[in-house]
Amino acid sequence: MSDIAGQAWLSAAAMPQSSEQPFPDNPVLDARRAALEILDRISEGAALDDAIARTRGFERLEGPDRGFARALVSETLRRRGSIDHVIGAFLDRPLPKKSARVMDILRLAATQLLILETPAHAAVSTSVDLAAERRETAGYAKLVNALARKIGKAGPEALAKLPARTDTPSWMWRSWERSLGPVKTRAVAEAHRSFAPLDITLKSGEDTNNWASRLGAELLSTGSLRIAKASDVPSLDGFDEGAWWVQDTAASLPVKLLGDVSGKRVIDLCAAPGGKTLQLASTGAHVVAVDKSGARLERVKENLERTKMKAELVEEDALRFRPSEKADAILLDAPCTATGTIRRHPDIPWSKGETALTALADLQSKMIDHALTLLKPGGMLVYCVCSLQREEGEAQAKAALARHSSVERLPVAADEIGGLAEAVTRDGDMRTLPSMLADKGGMDGFFATRLRLRA
Ligand SMILES: C[S@@+](CC[C@H](N)C(=O)[O-])C[C@H]1O[C@@H](n2cnc3c(N)ncnc32)[C@H](O)[C@@H]1O
């Protein structure tokens, strides 16, 4: 229990009466202010990357401060369940709902003290300053001071006792337990506690060993190059010349399931930002890259230009897309909850709910049905999602086979996906988990199934 029980949290005298914006530049506070603003946007529903992109205070930060602000937000989201638990243990009563910003200041303080190992005096005093500089939070500055000190002293022990489950919303945990079982679910949640390494896919024909040594990277059995720690991607060797692109190793596997597509007509039905379009183009396919979002399709264009490759780009809703010619193969990397990418997007557990899952699963089955109408007889559809949710993966494959007697599943073999036998399901689909390749830094959670339209 807190020793601040009974303390008046709001003291009118402490409230600054001046307007709240803009704040004077303060090199010590600026990164924390930006982090707070980003958390604010996320709580309004923005995704982490969008929230960062829309925060001017973040844009103004210089290199190390930018890195600190990003780490502060990411780790706060990654450990939010645990951090809230620790804060809650020191609060004698919950903060009023309208004090969401105070809670965010406390979360940022706890992340600095318990995870980023920021010196306690800096973490505490900047948190108090953050509270004090805004009218709506100034009355809580004393509370922030007292709580942050307590968290610094007793928080590490409290945090160490919390299981990985604490950082997973209960609906998500229950859904994984149902589909993966308790052991794998725990391993997945453990894997989510770490940031993902940087994986690179090389353009076809590039010398893998040469690039591994130039980039100081490890060659994975899947063919990806892995860099344990890389901060500024565009400054890496080979970026400007377009020899490679960033792509989690799990994300590189679905295209491999299409086999040799050289000279074939392949539709990439949800293409942006283009990782899989680049893979297909690189192996000599004639690629039609479709995406509903023009802005995101621009990124496919930029990626193709940088890597000096070609694809036909079509801005269109996949459900309405009718090509002039049917395809030999289709890759359908459908929009999904993206729960397989929580290591990179730690906002997902707090932004994606079960309602979104139901709507997405409905869209995915419509997309599968439509994609099958665009295939030549004998053509192949690889359907994949970067999701851990059964409804978006295994259940979609099963339901598609039940709906279409004209379709058969072509089971995946481990040697097609770098020998990852544990990622081949009993039904013959691919299911990777963040806990796989654990000794090398894990991989994204992906599902893929390969379906063939009978000739
Ligand atoms: C998982 S991402 C695709 C990632 C991409 N395949 C890659 O490897 O870089 C899903 C994409 O689907 C697009 N999308 C969502 N709904 C769509 C629709 N109805 N029709 C076409 N594209 C859609 C989104 O704009 C997004 O770019």
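**Close-up 1. Helix 17 and helix 18 cross in this predicted model.** Helix 17 spans residues 354-373 and helix 18 spans residues 394-403. Their axes come within 11 Å and cross at roughly 45°, so the two helices are oblique to each other. The crossing of helix 17 and helix 18 is right-handed.

**Close-up 2. Residues at the contact of helix 17 with helix 18.** Helix 17 contributes Q364, S365, I368 and D369. On the side of helix 18, these meet Q396, A399, A400 and R403. By type, the residues of this contact divide into three nonpolar, three polar and two charged.

Close-up 3. C386 is found in the loop between strand 9 (375-385) and helix 18. With 26 other C-beta atoms within 10 Å, against the 20 or more that burial requires, C386 is buried. Neighbours within four places in sequence are left aside in the following list of contacts. C386 is in contact with A251, C336, A338, G340 and T341, and also with D444, G445 and F446.

**Close-up 4. Residues 290-317, listed in UniProt as "coiled-coil region".** This annotation, too, comes from an unreviewed entry. In the predicted model, the chain over residues 290-317 is 50% helix and 21% strand.

Definitions and conventions. Residues are numbered from 1 along each chain as its sequence is written. This is a predicted model: local features need pLDDT of at least 70, side-chain atom pairs count only at pLDDT 80 or more; totals for chains, interfaces and linings use all residues. Axes are lines fitted to C-alpha atoms, for helices over the stretch in contact, and angles run from 0 to 180 degrees between N-to-C directions. Helices (H or I, at least four residues) and strands (E, at least two) are DSSP runs, numbered from the N terminus. Angles under 35 degrees count as roughly parallel, over 145 as roughly antiparallel, 65 to 115 as roughly perpendicular and the rest as oblique. A crossing is left-handed if the near helix is turned anticlockwise from the far one by less than a right angle, and right-handed if clockwise. Two residues are in contact if their C-beta atoms, placed from the backbone, lie within 7 Å. Ala, Val, Leu, Ile, Met, Phe, Trp, Tyr, Cys and Pro count as nonpolar, Asp, Glu, Lys and Arg as charged, and the others, Gly among them, as polar. A residue is buried if 20 or more other C-beta atoms lie within 10 Å of its own, exposed if 12 or fewer, and partly exposed in between; C-beta atoms are placed from the backbone. UniProt positions are given in the numbering used here, feature names are shortened, and annotations may be inferred rather than shown by experiment.
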